[in-house]
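This briefing covers selected elements of one structure.

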Amino acid sequence: MAINRQVEKTPMPEQEPLRRASNFEEVALGYSEDMAVNEAQRCLHCKNQPCVEGCPVNVQIPDFIALIAGGDYEGAYRKIAETNSLPAVCGRVCPQENQCESRCVRGLKGEPVAIGRLERFAADQHMETVSETPAETAAPSGGGRRVAVIGSGPSGLTCAGDLARMGYDVTIFEAFHTAGGVLMYGIPEFRLPKAIVQREVENLQKLGVKIETNMVIGRILSVDELFDGGFEAVFVGSGAGLPGFLGIPGEGLLGVMSANEFLTRVNLMKAYRDDYDTPIRRARQVAVVGGGNVAMDAARCARRLGAEEVTIVYRRGEEEMPARQEEIHHAREEGIRFLFLTAPVQAVGNEQGEVTGLTCVRMELGEPDASGRRRPVPVEGSEHLVAADLVIAAVGNAPNPLIRSTTPGLETNRRGCLIVDEDTLCTTRSGVYAGGDAVTGAATVILAMGAGKRAACSIDRYLKEKPPVS
């Protein structure tokens with residue numbers, strides 16, 4: 001197969017920045033067939049395949065890229081789908097630059113192969129050209145035994161899909177009215193169209209996975225009641241939906257909210273659409289506190305809702321920002337301002353109790369903290385005001401305590417994350433497994449999916465060794 005010696009990635013077409021900053025349509029437009037084949041031909045097809053080692057779900061990357069290079073797009077999709085239950089999602093939101101692409105040998109002299117873009121291409125081609133996904137024959141090992149999955153985010157969907165393929169009778173219990181978890185409520189439409197998430201969910205339902213929405217486990221049913229009802233194992237993939245707050249005076253002012261609430265209103269409740277009457281605060285000046293992908297999403301949503309000025313306030317420097325470089329780049333293109341080495345110390349408001357701004361201080365970087373990043377230290381006498389009539393806190397999330405507080409024998413660490421065996425992902429309660437953000441705290445979609453796959457294998461082993469419930 002001919003190798004394309006092109007040093008740089010084949011560019012991805014995008015909406016023009018000023019146009020996209022006023023709509024919620026997808027920013028990246030995807031490769032054409034010619035673009036995809038051209039990029040696929042950059043792959044060196046290394047014998048040791050380091051890119052596969054960098055993928056948490058072990059997608060056979062050189063194999064699917066070779067199929068694209070040969071024009072077999074459906075074959076490429078099916079190769080990806082052997083290990084990845086959500087190809088169209090991962091192709092859009094996974095941080096490939098820190099995972100598979102970071103291991104790509106082409107990246108030693110130039111840019112790595114655009115693995116994520118090619119994965120998206122194969123998934124989009126499948127959705128455009130294949131109206132029905134052929135039903136997969138379940139492996140006999142499961143024997144129809146029942147497994148409950150709590151949460152329909154990436155870890156829950158992946159675990160459920162893998163167990164269904166093994167022949168288990170799987171039911172997902174989702175607290176919201178729509179399946180998809182953080183893929184639905186957290187990631188904006190312009191990065192991940194919700195129709196794509198729903199298509200992936202429907203594919204799992206075709207495997208026989210049942211989904212019960214509006215089911216808050218720990219409130220409507222307990223984990224014990226799931227076992228009493230005939231489920232023989234439980235996977236907890238309930239995510240990290242408990243928002244962190246700033247912990248500063250004035251945080252109770254009207255117009256100060258968590259990124260969770262803001263993004264849920266925008267994404268899941270579709271506040272950006274004129275045909276929905278979801279209440280949303282439309283502000284002129286918005287300050288978003290934080291430096292991760294959630295902060296970028298909140299800032300870019302606020303811009304699209306009509307804010308004239310959106311400022312990201314981050315206590316470290318740009319080099320320390322955990323957000324993807326692509327998201328930072330897109331935010332800048334859309335006119336979002338960045339204040340680095342800046343931290344809020346108080347929210348200020350007017351006589352009506354509405355926020356009008358943040359009193360901030362400048363920071364300087366000191367010695368590294370527990371995370372390995374240099375610890376920000378306030379600069380004395382550097383107080384200044386950042387004007388804002390909406391303040392969004394995007395400073396991290398923790399798992400909701402509801403499941404752990406209603407399940408005897410389920411232990412957590414000091415951050416409220418479930419404690420699991422690193423190899424099996426079994427919790428401290430027999431028959432209960434967990435993975436994704438409920439265990440790690442807020443992390444990435446693909447890492448949560450990897451945990452879902454590992455847990456499915458562990459549950460399969462556990463049930464094979466356990467006599468069926470009579």
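Strands β1 and β2 run parallel and are joined by five bridges. The chain passes from β1 through α8 to β2, and this β-α-β crossover is right-handed. The model is predicted.

- Val 149 stands opposite Ile 172 of β2.
- On to β3 (residues 210–212), β2 is joined by three bridges, and these two strands also run parallel.
- Ile 172 has Ile 211 as its bridge partner in β3.
- Four of the five residues of β2 are buried, so the strand is largely enclosed by the rest of the structure.

**Helix α8**
- Helix α8 spans residues 154–165, twelve in number, and reaches 17 Å from its first C-alpha to its last, close to the 16 Å expected at 1.5 Å a residue.
- Because eleven of its twelve residues are buried, α8 is largely enclosed by the rest of the structure.
- The buried residues of α8 are Pro 154, Ser 155, Gly 156, Leu 157, Thr 158, Cys 159, Ala 160, Gly 161, Asp 162, Leu 163 and Ala 164.
- The cover over these buried residues includes the strands β1 (146–150), β2 (169–173) and β4 (233–236).
- Helices α9 (182–185), α10 (194–206) and α17 (445–465) are also among the elements that cover the buried residues of α8.

**Helix α10**
- Helix α10 has 13 residues; its first and last C-alpha atoms are 19 Å apart, close to the 18 Å expected at 1.5 Å a residue.
- Buried residues in α10 are Lys 194, Ile 196, Val 197, Arg 199, Glu 200, Val 201, Asn 203 and Leu 204.
- Gly 208 follows α10 and has a positive phi, near 105 degrees.

**Helix α4**
- In helix α4 (residues 61–69), the buried residues are Ile 61, Pro 62, Phe 64, Ile 65, Ile 68 and Ala 69.
- These residues cover an arc of only 165 degrees around the axis, so they lie on the same side of α4.
- The buried residues of α4 pack against α2 (33–40), α3 (50–53), α5 (73–81) and α7 (115–129).
- After α4 comes Gly 71, with a positive phi near 85 degrees.

**Cysteines**
- The structure holds zero disulfides.
- For Cys 55, the closest cysteine sulfur is that of Cys 100, and the 6.2 Å between the two sulfurs is too far for a bond, given a cut-off of 2.5 Å.
- Cys 55 has 11% relative accessibility and therefore counts as buried.
- Cys 457 is in no disulfide, and the nearest cysteine sulfur, that of Cys 159, is 9.2 Å away.
- Cys 457 counts as partly exposed because its relative accessibility is 37%, between the limits of 20% and 50%.

**Leu 246**
- Leu 246 is in the loop between β5 (242–243) and β6 (256–258).
- With a relative accessible area of 17%, Leu 246 is buried.
- Leaving aside neighbours within four places in sequence, Leu 246 is in contact with Glu 251, Val 289, Val 391, Ala 393 and Val 395.
- Gly 290 is 44 residues from Leu 246 along the chain, and the C-alpha atoms of the two are separated by 9.8 Å.

Conventions
Residues are numbered from 1 along each chain as its sequence is written. This is a predicted model: local features need pLDDT of at least 70, side-chain atom pairs count only at pLDDT 80 or more; totals for chains, interfaces and linings use all residues. Side-chain values use heavy atoms; hydrogens and water are left out. The expected span of a helix is 1.5 Å times one less than its number of residues. Buried means under 20% relative accessible area, exposed over 50%, partly exposed in between (1.4 Å probe, protein chains only). Contact means heavy atoms within 4.5 Å. Two strands pair if DSSP finds at least two bridges between them. A crossover is right-handed if, with the strands pointing away from the viewer, the path from the first strand over the helix to the second runs clockwise. The arc is that of the directions from the helix axis to the C-beta atoms.
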